[in-house]
Amino acid sequence: MLIANKKHWKFLFIFIFPAFAVYTLFMLLPILNSMRYSLFSGDGLALNEFVGLDNYIKLFTEERYYSKFWNAFGNNIQFFIIVTLIQNILGFFMAVLLTRTFKGSRFMRKISFLPTTLSVLVVGFIFKLILQPYPGVFDSVLKAIGLGKFILPWLGDPNSALVIVAVAVSWQFFGESVMFYASGIDGIDDSIIEAAKIDGATIWHEIFYIILPSVLPIVSIVTILIFIGDFTQFDIIYAMTSTKGDPGYSTDIFGSLFYRTTFSSAERGGWGTGMGATVATMMFIVVAIGVAGFLAFFNRRKEALN
Amino acid sequence: MKKIVLSFSLLLISLLAIGCSKGTDSNVTGNSGVSGDRVKIVVTSWRTEDIDRMDRINAEFTKKYPNIEIDFQPVKDTEYDAQLKQSLAAGVGADVIFLRSYDSGYQVYKTKSLMNLSEMLPTLKTFPSSALAAWATPEGVSYGIPSAGVVHGVYYRKSIFKKYNLDIPKTWDDFISVAETLQKNGETVFAQGTKDNWMLYEVMYAGLGANFYGGEVARQKLLRKEARMTDPNFVIALEKMKELQKYFPKGFQAVDYVTMQQMFGTGAAAMFMGGSWEIGIFEDLGGLDDVGYFAPPVAKAGDKLQYCFHVDAGIAANVNTQYPNEVKIYMEWLASPEYAQLYMNELPGFFSYTPGSYTLNNELAKQMQSYISDSVPTVRTVWEGLSAQDPSGNALVGEAIQLMYADTLTIPEAAEYIDDGLSWFYK
């Protein structure tokens, strides 16, 4: 670790200050201000009535508040699990596949990243249009290949809506995890893999004893990125199932809960700015705890491997 | 280092210069043309689809008062309340504001951002009191001109009805038998979906259910906490909604509001339970001549129609406006029969509360209006009072019916769901 001495501090200051200033102005202060708002109550946006921790007490003791909060929390965990499964596990195997050299592998690598460059809203609206029963683009494809009896009211069924939304997000960011993993796999020294092959290692041996341990830091980065992305996800819900998380709050996650409760009027599900800020603060705490937990978990795994 | 500072300050100065020159530019154009001070009043609403129509209406005003220009700047419906709240708090809100009725508008008034209109517009006294109440404090101070109401009913395709010799149904039994005939013949009966649940409450339950739960009398009882949503009359209305399910199109759970409009508007379905504000949409989709309308069918022959004539839009004035005198002149015009007549013809399906006699030029709007004289007017079931807090009656009824159609809740469970959610009201 580099220790700052008198000679360095000027450089350190020049390097750190601009980023820190921007970060403070646009991230730190708004977050702190939002936390301050969670201690206030009142009409409109400018709050004046100090209520201490009342908003937090209300959030966790009044059924109308905590039922929505825990519902969103539960949905968010499901959402995160589905996205992690697809992006992490399938993404990893896809990366293993794409790092083999075969005809077109370079092209495939590039094209798999394409959806990531789209806007989440665009992806959401396109998925919604494709899945709509009228005119029913996806449904007619299913019918054409003989799977007509599996047609569901995709986004209208409380049992399927959240899964569909999670799949849409995963589809979009699949390329991102593939890219992360592929670059990690590229970094593995060829001689190690060759040596293993000479010793008679199969592809599974290769994956589990060489590739996976080498890309473990990437697994942790990808998982944490997905975690943060999913617990602050809003756009896809907005585009596909509205900020109410239709049907029947089955796709309501933290992002939509926060938006609705803070900015909507009461008859559309608003709780007032103070309660909204409380939800935002709780989101922040959940994300912070989650990230800390994942970091600890992956660090321990890494130590165990070493 | 000195160089950097120098170039930065140069950049700043040039930016400032651009800013200043722009400022003077707009001043020049602002004063050009008419002599005297020409002012611009900004009006906001949640109906972005009305820009052209509102501009035509406001042009008539500017003809009369050439030094006042009206700039109609609507915001997307779903973002309107949030945007209004923020702009008023930041002191940059529009001068004249379209306001939703009852608690939604009252919450804006409570932020002390709206003018007292009882003093400003004495003519308001002549407006129907039930409409005034939707934009007034409990003490009777008006903060919004009751501007427009909407009705709910059933649109139908004349050509499809003609094909099977169907008459307009008057009672619920007629209605069901019409649906039955259409279904037997392989037609898509209703262009209805349950993805957007506000439709299920606002149009279906409050519109078609009112004849079963007892309309305005029952609603007043709810408001006085003498009735609950689990009472038999309110549950019967839910049962009637459920009766319609078998005539819904396949995959109706995933059909959203826009798809419904497209289905009916393009003639792919025979009927559509909707609101009068949709006339313009069907007009834009073409073939309005083929579209007919009938009021919600009554429970049995001889019953009086409980007609949901909902208080939709009021108009308020921003207390912090820069041009209070001009706003007053404009507000007076908005409360005049002249505006009402222009408005109803530009926006058929919106009915003005301004006293006066009017001629409507849209056939559908005329039909909708024709039912009013022989009906008991009411507004949406749980809009007033019962939607002041979250979970609002508004959201609850929509959710309950949505879950009832998804077979997640039985009919009595749906009623329980609403009643449980409203526990804050009965506290």
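Ile218(A) is in contact with Phe180(A), Tyr181(A) and Gly184(A), leaving aside its neighbours within four places in sequence. The model is a predicted one. Ile218(A) belongs to helix H9 of chain A, which covers residues 203-231.

**Around Ile218(A)**
- Along the chain, Ile218(A) and Gly184(A) are 34 residues apart.

**Helices H2 and H3 of chain A**
- Helix H2 of chain A runs over residues 54-61, and helix H3 of chain A over residues 63-99.
- The axes of these two helices lie 5 Å apart.
- The packing angle is about 75 degrees. Angles of 65 to 115 degrees count as roughly perpendicular, so H2(A) and H3(A) fall in that class.
- From H2(A), Lys58(A), Leu59(A) and Phe60(A) take part in the contact. They meet Tyr65(A), Tyr66(A) and Phe69(A) of H3(A).
- Five residues in this contact are nonpolar, one is charged and none is polar.

**The largest nonpolar core**
- This core has 180 residues.
- Which residues have the most contacts inside it? They are Val165(A), Ala400(B), Ile401(B) and Ala414(B).
- Helix H7 of chain A, residues 161-186, gives the most to the core, with 14 residues.
- Domain 1 (35-149 + 311-359) and domain 2 (150-309 + 364-426) of chain B both give residues to the core, so the core lies between them.
- Ile401(B) touches Asn197(B), Leu200(B), Tyr201(B), Tyr205(B), Met241(B) and Ala414(B), not counting residues up to four places away in sequence.
- In soluble globular proteins, nonpolar side chains tend to be buried together.

**Where chains A and B touch**
- Chain B supplies 34 residues to the contact, and chain A supplies 26 residues.
- On the chain B side, helices H3 (77-89), H4 (102-110), H13 (257-265) and H18 (393-405) each supply at least two residues.
- That side of chain B has 15 polar, eleven nonpolar and eight charged residues.

**Chain A overall**
- Chain A has twelve helices and two strands.
- Read along the sequence, the pattern is α-β-β-α-α-α-α-α-α-α-α-α-α-α.
- The C-alpha trace of chain A spans about 75 × 75 × 30 Å along its principal axes.
- Of the 306 residues in chain A, 36% are buried.
- Among contacts in chain A with a separation of 6 or more, 67% join residues 24 or more positions apart.

How values were computed:
Residues are numbered from 1 along each chain as its sequence is written. Chains are lettered from A and ligands numbered from 1 in the order in which they are written. This is a predicted model: local features need pLDDT of at least 70, side-chain atom pairs count only at pLDDT 80 or more; totals for chains, interfaces and linings use all residues. Helices (H or I, at least four residues) and strands (E, at least two) are DSSP runs, numbered from the N terminus. Two residues are in contact if their C-beta atoms, placed from the backbone, lie within 7 Å. Axes are lines fitted to C-alpha atoms, for helices over the stretch in contact, and angles run from 0 to 180 degrees between N-to-C directions. Angles under 35 degrees count as roughly parallel, over 145 as roughly antiparallel, 65 to 115 as roughly perpendicular and the rest as oblique. Ala, Val, Leu, Ile, Met, Phe, Trp, Tyr, Cys and Pro count as nonpolar, Asp, Glu, Lys and Arg as charged, and the others, Gly among them, as polar. A nonpolar core is a set of buried Ala, Val, Leu, Ile, Met, Phe, Trp, Tyr and Cys residues joined through C-beta atoms within 7 Å. A residue is buried if 20 or more other C-beta atoms lie within 10 Å of its own, exposed if 12 or fewer, and partly exposed in between; C-beta atoms are placed from the backbone. Domain bounds come from an automatic or database domain assignment.
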